[in-house]
Amino acid sequence: MQVRLNAVFTALLYSSALWGTSFAEELDDLEESSTTTSPTSTATVNRPQFTPTSIKAPFYEQFTDDWKSRWTVSRAKKVNDKTDTEEWAYVGQWAVEEPVALKGIEGDKGLVVKNVAAHHAISAKFDKPIDNTGKTLVVQYEVKLQNGLDCGGAYLKLLKDNAALHAEEFSNASPYVIMFGPDKCGATNKVHFIFKHKNPNTGEYEEKHLKNPPMARISKHTTLYTLIVNPDQTFEIKMDGNRVKNGTLLEDFNPPVNPPKEIDDKDDKKPNDWVDDPKIPDPDAKKPDDWDEDAPYEIVDENAVKPEDWLEDEPEYIPDPEAQKPEDWDDEEDGDWLAPTIPNPKCAEVSGCGKWEKPMIPNPAYKGKWRAPLIDNPAYKGAWAPRKIPNPDYFEDKTPANFEPMGAVGFELWTMSNNILFDNIYIGHSVKDAEELQKKTFDIKKKIELEEEALQTPKPELPKDDKAPFSFKEDPLAYIKFKLELFLATVQKDPVGAVKAFPETAGGIFAVFATLFAVLAGLISMASAPAKVTKAPAQKKAAEEKKAPTPAKKEAASSSSEDEKKKTTRRTTRKAE
């Protein structure tokens, strides 16, 4: 046990020594930084130069200098869904430029929404329609909310391929196949996944909305959104390469793809004699003779006595003695001026003022209106429901993932935030290619953004203390106290910044707590360990003791012999009897 305690306390002292040493080194660094230029103030992020990524895909956009040859800004007007009339023009402007917040890769540009509170619409046609029948469909793109997202969308639409698809007329009324991406306004914050499905019987299209969609990520960092739809009707949504939602097109959308096989018969009516009340008043029950329905709920407490300190001659409210008539008050026009009333201060010190009346109390005889108790209804037939009939509109589509051919991609948005940037739009059939693009573009970009953010984040200001110890050696206790107060004060303002600014301090605190935990665990382990059994004396000594019994043993033997004699006598006596 002593060896264990020594080892534990040695570890504790060693951790404390390391902690104090780290404090001393940290303060020296802080003193040097106060007299010299901080290296982080002039440090820069190593940004690689943007080079277009070469990949074969049905559609891949990095917004290079020739982007205008592929993208067309809409000149149409937005259609009011309720009146089916054109009301708002798409006046929002678009630009292709580098980010203004957390730049990332040098020369890497993206498509940017430039206006606040404006309708924006832009689209790009595919070289040839994308048909994913029997194939995997992958939609992936980057969103960078440089000014956040107060209210608006940042989703894209894959437009239905048709001969009448004109980019300049792209609007909210343009038929689309899939809508995917973030949307936020008020309490709404989600990543849309909506697809349009055609009813094979009626030919009508219906939007299918994902149930319980994941929340959008509102950040100045670039976020990578990925949608994967597989031929087996399953889907997966990723953010920054991590799965956030998965399921099946047949079960996780509302309304469901396939309608029910049976529906209620609208012509079926409930019979007039159908009884669907499970309980009825007991017809044999009678009101008791002593039941008084007219008894009041409350009665006067006749046993109440007026408190001795009650002031009946004092009013509850009195004119405010400090109130003064306004100078512009005209008695002839405004009438006689009366001072406002205030609670009588004398009443605050006693039970009450004014005329005393006996209080009301609940009436013990009150029972209310009598009602017969309920009993099971013998005529009850159960809850009525119309009969089921075959659904005339029923169909079964086992492959809703075979979307209709798509001819273009577009952004049709209204937003209260500008500088929303889109980049690296991939639409194809290869999950592997999408993951490779993530490694070559997004992963590099995200790392640079984090580094740049770390450099831009100001380190917490250090509190000035003229009495702070200059070194750990001069006054260890005062030095440790100063460092703890400095760290704790910084943690309250910026916990993450405190850990970054004082990593040794944070590590030292963790080491001390870990050591204390180890001490506690060691003590518990020793307390629960079984006690050691003392070994018997040497064989020789034991043999001698057997040969020469001690007086105590002799006495015990004699006592035992006498007890045996008594027991024998008792047995003999009983036998004789």
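These legends accompany several close-up views of one predicted protein model.

Residues are numbered from 1 along each chain as its sequence is written, and side-chain values use heavy atoms, with hydrogens and water left out.

View 1. Helices (H or I, at least four residues) and strands (E, at least two) are DSSP runs, numbered from the N terminus. Of the 577 residues in the protein chain, 34% count as buried; here buried means under 20% relative accessible area, exposed means over 50%, and partly exposed lies in between (1.4 Å probe, protein chains only). The accessible surface of the chain comes to about 37,000 Å², and 53% of that belongs to carbon and sulfur atoms. Accessible areas come from the Shrake-Rupley method with a 1.4 Å probe, and for residues only the protein chains shown count as cover. Among contacts (heavy atoms within 4.5 Å) between residues at least 6 apart in sequence, 75% join residues at least 24 apart.

**View 2. The largest nonpolar core, a set of 57 residues.** A nonpolar core is a set of buried Ala, Val, Leu, Ile, Met, Phe, Trp, Tyr and Cys residues joined through side-chain atoms within 4.5 Å. Look for Trp 71, Tyr 141, Ile 178, Phe 193, Phe 411, Phe 422 and Ile 427, the residues with the most contacts inside this core. Leaving out residues up to four places away in sequence, Phe 422 touches a list of partners including Phe 63, Trp 94, Leu 111, Tyr 141, Glu 142 and Phe 411. A second, separate core of six residues includes Tyr 60, Val 138, Tyr 426 and Leu 437. In soluble globular proteins, nonpolar side chains tend to be buried together.

**View 3. Aromatic pairs, of which the structure holds 17.** Rings of Phe, Tyr and Trp (its six-membered ring) pair if their centres lie within 6.5 Å; planes under 30 degrees apart count as stacked, over 60 as edge-to-face and the rest as tilted. The pair of Phe 193 and Phe 235 is edge-to-face, because the ring centres are 5.6 Å apart and the planes meet at 65°. Phe 193 belongs to strand β12 (residues 188-198) and Phe 235 to strand β15 (residues 234-239), so this pair ties together parts that are 42 residues apart in sequence. Phe 193 is buried at a relative accessible area of 1%, and Phe 235 is buried at 2%.

**View 4. Tyr 297 and Tyr 366, an edge-to-face pair between two loops.** Their rings lie 5.3 Å centre to centre, with 85° between the planes. Tyr 297 sits in the loop between β19 (279-281) and β20 (298-300), and Tyr 366 in the loop between β23 (360-362) and β24 (374-376), so the pair ties together parts 69 residues apart in sequence. Tyr 297 counts as exposed, with 55% relative accessibility, whereas Tyr 366 is partly exposed at 38%.

**View 5. A cluster of rings linked by pairs.** Its members are Phe 59, Phe 63, Trp 71, Trp 94, Phe 126, Tyr 141, Phe 180, Tyr 225, Phe 411 and Phe 422.

**View 6. The second largest pocket, holding about 430 Å³ of space.** On a 1 Å grid over the protein atoms alone, a pocket is an open set of points where a 1.4 Å probe fits, with protein on both sides within 12 Å along at least five of seven lines; lining residues have an atom within 4 Å of a point. Grid points are joined across faces, edges and corners, and the volume is the space filled by probe spheres set on the points. Of the 21 lining residues, Lys 78, Tyr 155, Met 179, Asp 183 and Glu 412 lie nearest the centre. Strands β9 (151-153), β11 (176-185), β12 and β26 each supply at least two lining residues, and β11 gives the most, with five.

**View 7. Backbone details at Pro 255, Asn 419 and Asn 424.** A cis peptide bond, with omega about -5°, joins Asn 254 to Pro 255, and Pro 255 lies in the loop between β17 (253-254) and β18 (262-264). Asn 419 has a positive phi near 60°; this residue is in the loop between β26 (406-415) and β27 (420-428) and is buried at 12% relative accessibility. Asn 424, in strand β27, has a positive phi near 50° and is buried, with a relative accessible area of 5%.

Terms used. This is a predicted model: local features need pLDDT of at least 70, side-chain atom pairs count only at pLDDT 80 or more; totals for chains, interfaces and linings use all residues.
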